[in-house]
Amino acid sequence: MAERMLKFVHTPQKIPQKRAVDMRLQDFDEIYSRFDPARASEQASRCSQCGVPFCSVHCPLGNNIPDWLRLTTEGRLHEAYEVSSATNSFPEICGRICPQDRLCEGNCVIEKGFESVTIGAVERYITDTAFENGWVKPVKPVAERPETVAIVGAGPGGLAAAERLRRQGYQVHVYDRYDRPGGLMIYGIPGFKLEKEVVLRRWAYLEECGIHFHLNCAIGNGENDTLSFAELRQKHAAVIIATGVYKARDIGGPGAGLAGIVPALDYLTASNKRGLGESVPEFDSGILNAEGKRVVVIGGGDTAMDCVRTAVRQGATSVQCLYRRDRANMPGSLREVKNAEEEGVEFVWLSAPEAFLGDAQVTGVRAVRMHLGLPDTSGRQSVEPVPGSHFNLGADLVIKALGFDPEDMPKMFGEKGLEVSRWGTLRINHRSFMTSIPGVFAAGDIVRGASLVVWAIKDGQDAAAQVHDYIQQPATVAVAAE
């Protein structure tokens with residue numbers, strides 16, 4: 001094994017080739033090509049097989065990364081897939097959209113100068129190869145169980161829970177208000193990061209496993225809802241709430257209500273639906289279309305990066321990203337910042353909006369320069385405005401990418417006993433994943449707040465294990481939410 005691994009000393013790091021900028025701006029296809037077998041084996045062989053694999057330690061799922069890197073080097077790809085998929089319900093998706101620079105690759109013990117192993121690209125290569133070769137087989141439980149489990153929300157957390165419960169033999173029913181499963185993986189993340197066929201392929205696989213999908217099915221007590229939450233609980237032995245958080249954080253100030261100022265998710269959803277071949281009136285009318293417009297995106301996370309890179313592909317005349325901190329303090333992936341800069345996006349660092357200009361339609365953003373102060377209680381540096389530093393940015397379309405908050409879940413479900421935190425997220429017992437209502441569990445962003453897909457997968461898998469324990473011991477007194 002030593003002869004095949006530890007090659008980082010004389011084999012340089014190589015990421016998959018990126019399409020040329022002028023080509024990738026013409027469409028929404030993924031910008032990174034796939035490794036070929038030789039390059040995948042070569043890059044996997046750079047792993048040092050260290051005694052304490054910090055890549056695994058800093059992976060939310062605890063993936064056995066050194067093991068499947070070694071198997072890839074040895075050409076044992078079927079086994080590499082088995083190891084990879086043992087801990088991760090969607091390795092082909094994490095390989096594409098995880099911020100590896102902050103997680104596994106960012107904690108690789110290979111010292112700087114030699115650079116980390118390209119873990120994400122190899123992970124994607126392994127699972128794509130497995131699908132192409134028919135190694136991804138539908139789950140066949142050892143025994144079918146009579147109990148049914150409902151999962152509300154077909155995002156990554158809900159789908160991960162569904163897959164794990166199906167392995168245990170449960171009859172799993174996934175309810176989602178949209179017409180396709182995937183949540184933000186379908187409607188929020190653009191195709192240049194995650195092509196929709198990848199998510200739809202996984203949907204087809206989960207259906208083959210025997211998971212039942214109820215789409216265009218809204219759960220709640222509203223007039224347009226399909227099924228009440230009370231009815232759902234009566235139909236199933238347990239319920240997992242994995243709805244995610246979709247309520248956009250707003251921004252005030254003079255002119256905040258002008259036309260042309262839109263939430264990021266509305267903008268991205270319109271673009272993704274258009275790419276899926278759907279008719280989107282708000283896009284066709286120009287409300288959610290950046291073509292020919294000066295675009296300003298407010299925010300510094302991955303959603304902001306998705307917006308700026310979508311805008312340049314739609315034909316915006318200029319795209320600027322306004323962020324109140326500097327590059328080093330940006331929450332989004334630095335790899336995405338680099339890709340955006342290559343594509344012509346201008347970053348206006350240490351700047352925050354104060355007002356929006358225009359009469360009926362927005363024509364610009366009035367901003368102020370910021371400077372970083374001392375760290376606050378969270379450890380992040382505070383930001384303070386620089387007196388007399390105001391400036392204007394011209395804008396025909398302003399996109400607010402300021403993050404997401406949970407909807408009012410007790411009101412939506414008509415369950416006053418469903419306890420929430422001070423942030424509006426669902427309160428659970430963090431050992432049992434159970435909410436304040438016995439038999440009702442929760443996982444993903446609706447519990448932890450807006451976070452990464454990989455954390456939603458982890459939570460979904462863990463919640464499924466707790467649901468199994470709960471059903472196995474139905475007489476056990478449910479543990480109340482902490």
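Predicted model: local features only at pLDDT ≥ 70, side-chain atom pairs only at ≥ 80, totals over all residues.

Trainee: OK, let me pick a spot. Where does Gly 299 lie?

Mentor: Gly 299 is in the loop that runs between β7 (294–298) and α14 (302–313).

Trainee: Is Gly 299 buried or exposed?

Mentor: Gly 299 is buried, because its relative accessible area is 7% (buried means under 20%, exposed over 50%, partly exposed in between, with a 1.4 Å probe and protein chains only). Tyr 323 is 24 residues from Gly 299 along the chain, yet their C-alpha atoms are separated by 5.3 Å.

Trainee: Switching to charges. How many salt bridges does a search of the whole structure find?

Mentor: The search turns up 36 of them, counting a side-chain nitrogen of Lys or Arg within 4 Å of a carboxyl oxygen of Asp or Glu.

Trainee: Which residue forms a salt bridge with Asp 128?

Mentor: That's Arg 124, and the closest N and O atoms are 3.6 Å apart.

Trainee: Why are Asp 128 and Arg 124 separated by about one helical turn?

Mentor: Because they are 4 residues apart in helix α7. Asp 128 counts as buried, at 4% relative accessibility, and Arg 124 is buried too, at 12%.

Trainee: What about a pair that links distant parts of the chain?

Mentor: Take Asp 250 and Lys 400, whose salt bridge has its closest N and O atoms 2.8 Å apart. Asp 250 is in the loop between β5 (247–248) and β6 (261–263), Lys 400 is in strand β13 (residues 397–400), and 150 residues separate the two. Asp 250 is exposed, with a relative accessible area of 58%, but Lys 400 is buried, at 11%.

Trainee: And Glu 343, which side chain does it meet in a salt bridge?

Mentor: Arg 309, at 2.9 Å from N to O. Glu 343 is in the loop between α15 (334–342) and β9 (346–348) while Arg 309 is in helix α14, so this pair ties together parts 34 residues apart in sequence. Both Glu 343 and Arg 309 are buried.

Trainee: Which residues do salt bridges that share partners join into one network?

Mentor: The network holds Lys 18, Arg 24, Arg 309, Arg 313, Glu 336, Glu 342 and Glu 343.

Trainee: What volume does the largest cavity have?

Mentor: About 110 Å³. It's lined by 14 residues, and Cys 59, Asn 63, Cys 98, Cys 104 and Glu 123 are the closest to its centre.

Trainee: Which elements supply at least two residues of that lining?

Mentor: α4 (65–73) and α7 (119–132) each do, and α7 gives the most, with 3 residues. By class, the lining of the largest cavity has 10 nonpolar, 3 polar and 1 charged (nonpolar means Ala, Val, Leu, Ile, Met, Phe, Trp, Tyr, Cys and Pro; charged means Asp, Glu, Lys and Arg; the others, Gly among them, are polar).

Trainee: And the second largest cavity, how much space lies in it?

Mentor: About 90 Å³. Its lining has 13 residues, with Cys 47, Cys 50, Cys 55, Cys 108 and Val 109 nearest the centre. α3 (54–57) and α4 give two or more residues each. That lining has 12 nonpolar, 1 polar and no charged residues.

Trainee: Last one: how much space lies in the second largest pocket?

Mentor: About 760 Å³. It has 37 lining residues, and Ile 15, Tyr 32, Gln 100, Glu 105 and Arg 335 are the closest to its centre. α15 gives the most to this lining, with 5 residues. The classes here are 12 nonpolar, 10 polar and 15 charged.

Methods
Residues numbered from 1 in each chain as written. Heavy atoms only, no water. 1 Å grid on protein atoms, 1.4 Å probe; cavity = no way out; pocket = protein on both sides within 12 Å on 5 of 7 lines; lining within 4 Å. Points joined across faces, edges and corners; volume = space filled by probe spheres on them.
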